[in-house]
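Biologist: Let us read this model together. Give me the general idea each time, then the case at hand.

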Amino acid sequence: MRRLAALALLIAAPLPAQAQDYAEVALPDPAQEAQASRLMDTIRCVVCQGQPISGSNADLAGDMRRIVRERIAAGDTPDEVRAWLISKYGDWVSFKPQVKPATLPLWLIPLVALVLGIWLVSRRLRRHH
Amino acid sequence: MIAEAGLAALWLAAVMALLQFALGALALGRGRAGLAPAIQPVAVVQAVLVCIAFFCLIAVFVRSDMSVLLVAANSHSAKPMLYKIAGTWGNHEGSMLLWVTILGVAGATIALFERQLREDTRVATLAAQGAIALGFYAFLLFSSNPFARIENVVEGAGLNPLLQDPGLAFHPPTLYAGYVGMSAAFSFAVGALVTRNVGPDFARAMRPWILGAWIFLTVGITAGSYWAYYTLGWGGWWFWDPVENASLMPWLAATALLHSVTVLATRDGLRAWTIMLSVLAFSMSMVGTFLVRSGILTSVHSFAVDPERGVFILALLAIYIGGALALFAMRIGTVSEGSRFDIVSREAALVLNNLMLTVVLVVVLAGTLYPLALEATSGTKISVGAPYFNSVAGPIALITMVLLAAGPLLRWRSDKPRLVLDRLVFSFLAGAAALLLIAAFAGSIGILPLLGLVAAAIVAVASLAPLWKRNLKRTPLFTFGMVMAHMGCAVSMAGMACDSAFTRETMVAMGPGETQAVGDFAVTLAGVRERPGPNYQALEAVLSVSEKGGTPFEMLPQLHQFTDPPMQTNQAAIRTFWNGQLYLVLGEQSDGDKWVMRMWWKPFVTLIWLGGAMIALGGMLSLLGRVRRDFLPRRRRTATVEALPEPEPAE
């Protein structure tokens, strides 16, 4: 509901004249700004590729920063904002890969390597006794 | 004319590489031993020719000869001289030529100076070097000719402004020297496999190359990290960017190899594993080179984008890695396991350390390549960035640190757990003290930074323990090297943890006369002025900064607007204090006369690179110590080894 409300606010309401443009300006509440800033470090700027939106000079990154700050200010959790951005721009926008079947190998491959390695080492060590 | 001369030299060098490989193959495979002595001059001539080709390329860049395609595409006549020269390797073709030039020089060095190795192993090693070089020459000549001509071009396109930095002059050559050093280690491994000579002598001959390559990689990564930190202007020092990962992977493999080769050299253990690691380390170097150069990555670093070369590259990777693995599979049966050891022993600690480093390597490799594989097979695009790498590789790195604390305090072959814990008492006390201090003064910080700081304290004390109660005058130089490098790991990790836990960041739109606080500093904007640069226009913010009650000082962050090519870059103003750095960035103009400023106070962030420098310095001390012991007159060496009552410490 909160998300919907925020979305409606974003689309419908023209910004009041005195409202801040949060693309380049921190939120007044330091705790919220910290949340937003941590989130923006892990959201990819979709036009400049390698950079997170927190460090990009592109206009689109500015728009995305504004959206992130406004939604956080409206009371959304960082996870909700991330999910919304993913639904809009696709998985590619999040530097934090979502856990789902297609991304499981990211965790399985290191796990298999670790287990295999421990097995090899322990087998070898036991042989020495 | 210069370009044609360079191309001719490159072709001749390729012929020499072929000859080098063929001579080795004939001498060893067909029993034509009489041919073996010829391989040495051939390797030297190859090096001379490829150096000539490289200097020809530098010459056309210096002269801004726009009839050469590469110069026209990457240079500009108005560019400062340093960047004209450095621009030679700031592009795909030039950097590949630099790669093969270093490879040629490395081959000549082995041919001229390697005297420890059995003759047939040395010939096989040089033949393997020739084979590697041949592939790279083919790649250059058939798909990436750096000397290709173009007509009717008056002015060049310019160099990416991010690359117009002294860092470019040193960063790629340093990393490439590291990659190529791994190729030398790989050639030694192939040579030893072919001639069935996997043992301590071979390990001692190979070790300086691994150490040297590892030093270059350490310096390259550390410097690259600092370069990214101050040029990109967003306050981070490691971005888990695929190109950074590409340089980290060979380093991880080389670090593992460095430790396993020590076991092989001193205890004659881990034979097969050491060979396997040298194959892995070189594979990672090739993957590293080609990831950056093939253009398959989308990254802030991918300046050379050309996917058509991908097939050639994949073929080269398949031939070398596949060939090496096939040789490994064929010969590994003849390589016996080597000396045995207990579960509590220095060998076991080194094996576990190798395992952990390899798992970190797998994490980095999976995180870097899996998104590419997924996109290629299913079209799904995902991003894998810092949150993944930190949460998966971070804990494993912490375990590695704990092993690092214990490893050097263990005895070879067998040790008693009780005694090991006794030796670690002071380290654990230091860890507990760190924990108490953080709890008392820092309040709540993230779990990873907290564990990182505690681990750093443990390792810092433990790394000094090998010097405890020892006669420092008789302690070999490489022991000091090990102590220094391990201490560097602790210092670097402390820096990373502090940066992640205690950084203060502020972003505001400021008008002239306004003041903003960040950390203990008050930053006042005096104004923003224009400053012309050599080939860009700059806007400069004049900031007056004062630390609580201290005298104010000036900081001048700039925004650079380039025209060839059109691009905007940030020039952060950074001021270093004993306890951290103040990092100020000028952003866009917001409404009216207000300017967006981003400010960071980063406590102890400098420790990250100080630690990196200490690790590299430790490597250099080890290299010096090893060369002095292993390569100076044999008489002295055997004498010292026998006189040493204590087990020889690891690297």
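Biologist: Which residues in α4(A) are buried?

Modeller: First, the ground rules. This is a predicted model, where local features need pLDDT of at least 70, side-chain atom pairs count only at pLDDT 80 or more, and totals for chains, interfaces and linings use all residues. Residues are numbered from 1 along each chain as its sequence is written, while chains are lettered from A and ligands numbered from 1 in the order in which they are written. A residue is buried if 20 or more other C-beta atoms lie within 10 Å of its own, exposed if 12 or fewer, and partly exposed in between, with C-beta atoms placed from the backbone. In α4(A), A:Val81, A:Arg82 and A:Leu85 are buried. They cover an arc of only 100° around the axis, so they sit on the same side of α4(A). The arc is that of the directions from the helix axis to the C-beta atoms.

Biologist: Why do residues three or four places apart point the same way?

Modeller: An α-helix has 3.6 residues a turn, so such residues point the same way. On the other side of α4(A), A:Asp79 and A:Ser87 are exposed.

Biologist: What do the buried residues of α4(A) pack against?

Modeller: Contact means C-beta atoms, placed from the backbone, within 7 Å. The buried residues of α4(A) pack against α2 (30-40) and α3 (59-73) of chain A. Helices (H or I, at least four residues) and strands (E, at least two) are DSSP runs, numbered from the N terminus. Just after α4(A), A:Gly90 takes a positive phi of about 95°.

Biologist: How many residues of chain B are in contact with chain A?

Modeller: 43 residues of chain B are in contact with 31 residues of chain A. On chain B's side, α12(B) gives the largest share, 13 residues. By class, that side has 25 nonpolar, 12 polar and 6 charged residues. Nonpolar covers Ala, Val, Leu, Ile, Met, Phe, Trp, Tyr, Cys and Pro; charged covers Asp, Glu, Lys and Arg; the others, Gly among them, are polar.

Biologist: Which residues touch the most other members of the largest nonpolar core?

Modeller: A nonpolar core is a set of buried Ala, Val, Leu, Ile, Met, Phe, Trp, Tyr and Cys residues joined through C-beta atoms within 7 Å. The largest has 198 residues, and B:Ala185, B:Ile210, B:Ala253, B:Ala254 and B:Val459 touch the most other members. Domain 1 (1-159) and domain 2 (424-502 + 608-643) of chain B both give residues to this core, so it lies between them. Those domain bounds come from an automatic or database domain assignment.

Methods: Two residues are in contact if their C-beta atoms, placed from the backbone, lie within 7 Å.
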